[in-house]
Amino acid sequence: DRQTLVAVLQFLRRSNLRESEEILRREARLLGDDLGGSAAAVASSSPGVAAVAAVPPGKGEPRAGAAGSLPGAGGATPGDWGGPSVGVEARIYPGLLGGEVEGVVVEDQPDVSAVLSAYNQQGDPTLYEEYYSGLKHFIECSLDCHRAELSQLFYPLFVHMYLELVYNQHESEAKSFFERFHGDQECYYQDDLRVLSSLTKKEHMKGNETMLDFRTSKFVLRISRDSYQLLKRHLQEKQNNQIWNIVQEHLYIDIFDGMPRSKQQIDAMVGSLAGEAKREANKAKVFFGLLKEPEFDVPLDDEDEEGENEEGKPKKKKPKKDSVGSKSKKQDPNAPPQNRIPLPELKDSDKLDKVMNMKEAARRVRLGPECLPSICFYTFLNAYQGLTAVDITDDSSMIVGGFADSTVRVWSVTPKKLRSVKTAADLSLIDKESDDVLERIMDEKTASELKILYGHSGPVYGTSFSPDRNYLLSCSEDGTVRLWSLQTFTCLVGYKGHNYPVWDTQFSPYGYYFVSGGHDRVARLWATDHYQPLRIFAGHLADVTCTRFHPNSNYIATGSADRTVRLWDVLNGNCVRIFTGHKGPIHSLAFSPNGRFLATGATDGRVLLWDIGHGLMVGELKGHTDTIYALRFSRDGEILASGSMDNTVRLWDAVKAFEDLETDDFTTATGHINLPENSQDLLLGTYMTKSTPVVHLHFTRRNLLLAAGAYSSQ
């Protein structure tokens with residue numbers, strides 16, 4: 001954004017930071033823009049519509065490497081895998097409307113005084129209520145088709161006007177303004193309004209993160225051109241500058257051509273901390289297809305367990321099944337190039353595991369409305385340590401629990417006990433050429449059903465097994481992610497990058513890479529053999545509460561307490577999708593096995609379904625009455641299982657939910673989504689536990705559903 005760059009250059013010149021100014025000029029020239037401009041250029045840009053259409057300052061998702069680099073201290077550092085990136089773009093908070101341009105570039109947290117100083121324009125404090133009620137009256141009397149769209153203005157204007165009054169120390173006016181209008185806001189903003197009501201003095205605003213975010217990230221409203229013109233005309237006639245200033249400075253109005261949206265359509269999409277996503281945010285191409293499976297021959301079982309010929313026949317066809325598996329020789333047109341990101345080589349043990357997986361898949365039950373899965377529930381009894389996380393290995397042989405007493409406990413759920421590798425002295429005595437060397441290295445004396453791993457110094461909020469079952473990740477309130485060996489049951493590495501609690505972590509489906517997300521609002525991508533994160537995904541406005549890898553490992557989804565879900569590209573760290581619509585923090589994510597769809601669950605008890613390619617919401621499943629902590633698609637994607645704090649597991653018909661979707665170009669362009677009210681038709685079953693919230697779900701390779709949770713006695 002040229003204006004912003006000019007402003008920053010002038011700021012650097014005033015501060016005598018010549019060197020940084022030079023670096024920035026060079027960077028800017030890379031953008032092919034010769035910045036000889038002066039303050040006059042900024043001041044003269046018309047403060048009318050242009051300011052609304054201009055890209056808001058401080059919008060960027062900083063690239064890894066750029067996020068922490070301070071332009072004043074020598075420019076941007078090159079990203080880890082990419083070319084140079086403009087570090088300035090990450091956080092710039094100029095008040096770009098006056099003729100005097102104040103640009104402040106800060107490292108990580110915005111400089112509070114700079115951010116708040118935008119509230120300095122003094123309107124007459126006694127008239128604020130009048131301004132607001134005037135606008136309210138205008139919107140409520142406008143035509144039905146515009147009213148729903150313009151009503152979106154109520155909440156952001158209410159917050160900004162209130163904060164402006166508080167900042168300028170008109171405390172009694174602020175209080176009466178709050179009391180008079182807070183009841184008019186939508187119910188899903190209740191939590192935010194509670195935080196807001198506690199801010200009654202200028203000093204309170206200094207440390208409050210939520211409000212800083214509200215100040216620095218423009219609130220996005222999607223409004224049709226007709227409604228926008230109506231609003232603009234009204235504000236200009238009334239000369240209601242106070243409101244017009246707020247609209248220009250703090251709101252980003254995403255104008256689309258076409259019919260205004262209905263109340264229902266708007267309600268489906270709003271509710272996040274910063275309004276809706278701009279349509280631009282979901283335009284980038286996403287390779288949601290699956291990678292080609294490597295091909296290798298499946299050895300035939302000579303001694304068939306059942307020994308029956310009929311049972312043998314499908315098995316003999318197994319190699320053909322594999323050549324059917326290799327019908328994916330035709331690369332999926334939506335798949336990323338095989339080598340888009342470096343993935344680890346398959347080891348022999350991985351190939352054996354794939355073969356086992358195919359054999360199991362041959363016996364997989366085809367699920368559907370007529371054939372629902374059996375559900376096996378693992379209840380953690382007497383879990384007075386406080387169960388905070390669960391994971392189950394892909395082959396369903398082990399289950400791990402993370403606990404509030406900072407332990408990680410691993411159980412074997414098959415008759416095979418967990419054994420550690422022998423000590424080095426004993427290993428040296430083993431004949432390495434023998435056929436059963438893998439058996440011999442295990443120490444029988446250590447065999448037990450349960451292993452307890454000590455190391456964290458706070459509750460363990462996330463656990464994840466590696467696909468090859470050799471490693472286990474755990475993340476904790478102590479700010480670390482630990483990698484444990486399941487051969488020796490010891491901690492191999494502690495990854496320190498987050499300074500605050502880490503809420504979730506997950507291995508890539510191909511191993512080697514893993515992702516973590518935490519209270520510092522950032523998700524980080526790691527590789528097991530690097531101490532430092534490879535990518536830093538910054539953009540959420542509140543805690544990153546859950547993380548998930550796409551089945552092709554090229555993308556990562558993160559859910560946050562800012563009530564949005566973002567999809568990030570692992571290759572370059574960019575945010576390629578922003579999904580808004582949940583009315584509470586998001587606690588569960590699941591990709592469909594074909595990679596095309598994403599299901600998300602939150603504290604609002606709704607499961608939302610998203611089409612990743614088009615960047616659209618395509619379904620809403622209502623039924624749960626409490627937070628949804630677990631979501632999982634069956635192995636072939638026919639059924640979606642959801643588990644909740646309301647002590648139920650619900651099964652939904654995923655095939656029906658995703659068939660004949662209306663994803664034409666018009667819908668994509670305007671976001672006119674029409675969600676069918678068909679939750680009841682899609683709900684295939686509800687299964688109550690006695691008194692156990694469901695915290696994890698897992699489909700075995702044969703489509704048996706495993707669920708887990710800790711019995712709560714209240």
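Predicted model: local features only at pLDDT ≥ 70, side-chain atom pairs only at ≥ 80, totals over all residues.
Residues are numbered from 1 along each chain as its sequence is written, and side-chain values use heavy atoms, with hydrogens and water left out.

**View 1. Helix 8 packs against helix 10.** Helix 8 covers residues 154–167 and helix 10 covers residues 190–197; helices here are DSSP runs of H or I with at least four residues, strands are runs of E with at least two, and both are numbered from the N terminus. Their axes sit 12 Å apart at an angle of about 10°, which makes helix 8 roughly parallel to helix 10 (angles under 35 degrees count as roughly parallel). Axes are lines fitted to C-alpha atoms, for helices over the stretch in contact, and angles run from 0 to 180 degrees between N-to-C directions.

**View 2. The side of helix 8 that meets helix 10.** From helix 8 come Tyr155, Phe158, Val159, Tyr162 and Leu163, and from helix 10 come Asp192, Leu193, Leu196 and Ser197; contact means heavy atoms within 4.5 Å. By class, that's seven nonpolar, one polar and one charged residues (Ala, Val, Leu, Ile, Met, Phe, Trp, Tyr, Cys and Pro are nonpolar, Asp, Glu, Lys and Arg charged, the others, Gly among them, polar).

**View 3. Tyr132 and Phe177 form an aromatic pair.** The ring centres are 5.4 Å apart and the planes meet at 80°, so the pair is edge-to-face. Rings of Phe, Tyr and Trp (its six-membered ring) pair if their centres lie within 6.5 Å, and planes over 60 degrees apart count as edge-to-face. Tyr132 belongs to helix 6 (residues 128–141) and Phe177 to helix 9 (residues 171–181), 45 residues apart. The structure holds 24 aromatic pairs.

**View 4. Strands 12-13-14-15 make an open antiparallel sheet.** Strand 12 (502–507) and strand 15 (535–538) are the edges, each with a single partner strand, so one side of each has no neighbour in the sheet. Strands pair if DSSP finds at least two bridges between them. The twist averages 20° from one strand to the next. Strand 14 (residues 522–527) pairs with strand 15 over four bridges, and Arg524 has Ile536 as its bridge partner.

**View 5. Strands 16-17-18-19 make an open sheet with antiparallel pairing.** Strand 16 (544–549) and strand 19 (575–580) each pair on one side only. Strand 18 (residues 564–569) joins strand 19 through five bridges, with Arg566 opposite Ile578.

Key
Parallel < 35°, antiparallel > 145°, perpendicular 65-115°, else oblique. Phe/Tyr/Trp six-rings, centres within 6.5 Å; stacked < 30°, edge-to-face > 60°.
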